[in-house]
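Please view the sequence and the structure before reading on.

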Amino acid sequence: MQAPTVLIISDEVDFSRRITARWQMERNVPTFTLLSGDLWPRFAVDVFDAAIVGDLRRDVLSVVLEPLHSTGQPVFCVGQDAATAQLVRERWPRIAILRGSEHWLETLVLAASEAVHRSRAELRARSAEAACATLDRQATLGRYMLEMRHNLNNALTSVLGNSDLLLLEPGSFSAQTRAQIETIRNMTLRIHEIMQRFSSLEKEMNVVAQQAEQDSGKSYAAVAASGL
């Protein structure tokens, strides 16, 4: 998983510099993407964990905030005047507004760090959910194959038996036909070997599951005995 990314958009160079410098003091520092309001239309990105917007010209404000608001990612708007803050609050209600104060930088880094942490946690949860869904589909397919194993083995036995009977009749078939029957028989044996491998794999997985269950029981008993 790539490092978290924080997008900072402001027309003031010092604004981005102060935020990145303050964040360097934290234990976990994200990757920063710095843009001005004029550059945003040309280099707009939609992959970030949090966005911070500083003072911008009024004519580019909606150009910047509208796409950011639509991403669903956390967005913080800092240092806007009262009229602009009210506009942002009304048009883009999901954007958090942080007015300039003595401790605005500390508050911003703390809130944005939590937002990044939550964004990462949600991303991991979605990845785990997708992986779980994939494994569930594969497990369903595996169970179906195991359930059909008996019927398939019966069909293979019939094909193999009839192939052997045909091959026991010398002179009844041409050399080409006998070669084709032998191919059918050999392929049947190969499929049978694959099905046997399924059976072996099922037994191995059952042993692993039983061992894991026993280890889990021992761990639980050890914790219970320790009185923790």
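## Basis of the description

Helices (H or I, at least four residues) and strands (E, at least two) are DSSP runs, numbered from the N terminus. The model is predicted: local features need pLDDT of at least 70, side-chain atom pairs count only at pLDDT 80 or more, and totals for chains, interfaces and linings use all residues. Residues are numbered from 1 along each chain as its sequence is written, and side-chain values use heavy atoms, with hydrogens and water left out.

## Ser10

Ser10 lies in the loop that joins strand E1 (5-9) to helix H1 (13-23). Its relative accessibility is 5%, so Ser10 counts as buried (under 20% relative accessible area, 1.4 Å probe, protein chains only).

Beyond its neighbours within four places in sequence, Ser10 is in contact (heavy atoms within 4.5 Å) with residues including Phe15, Leu35, Gly54 and Asp55.

## Pocket linings

A pocket is an open set of points on a 1 Å grid over the protein atoms alone, where a 1.4 Å probe fits, with protein on both sides within 12 Å along at least five of seven lines; lining residues have an atom within 4 Å of a point. The largest pocket is lined by 17 residues, and Trp23, Asn28, Ser113, Glu114 and His117 lie nearest its centre. Elements giving two or more residues to this lining are H1 and helix H5 (104-167). The largest share, nine residues, comes from H5.

Ala139, Gly142, Arg143, Met145, Leu146, Phe198, Leu201, Glu202, Met205 and Asn206 line the second largest pocket. Here, the elements that contribute two or more residues are H5 and helix H6 (175-226).

Notes
Buried means under 20% relative accessible area, exposed over 50%, partly exposed in between (1.4 Å probe, protein chains only).
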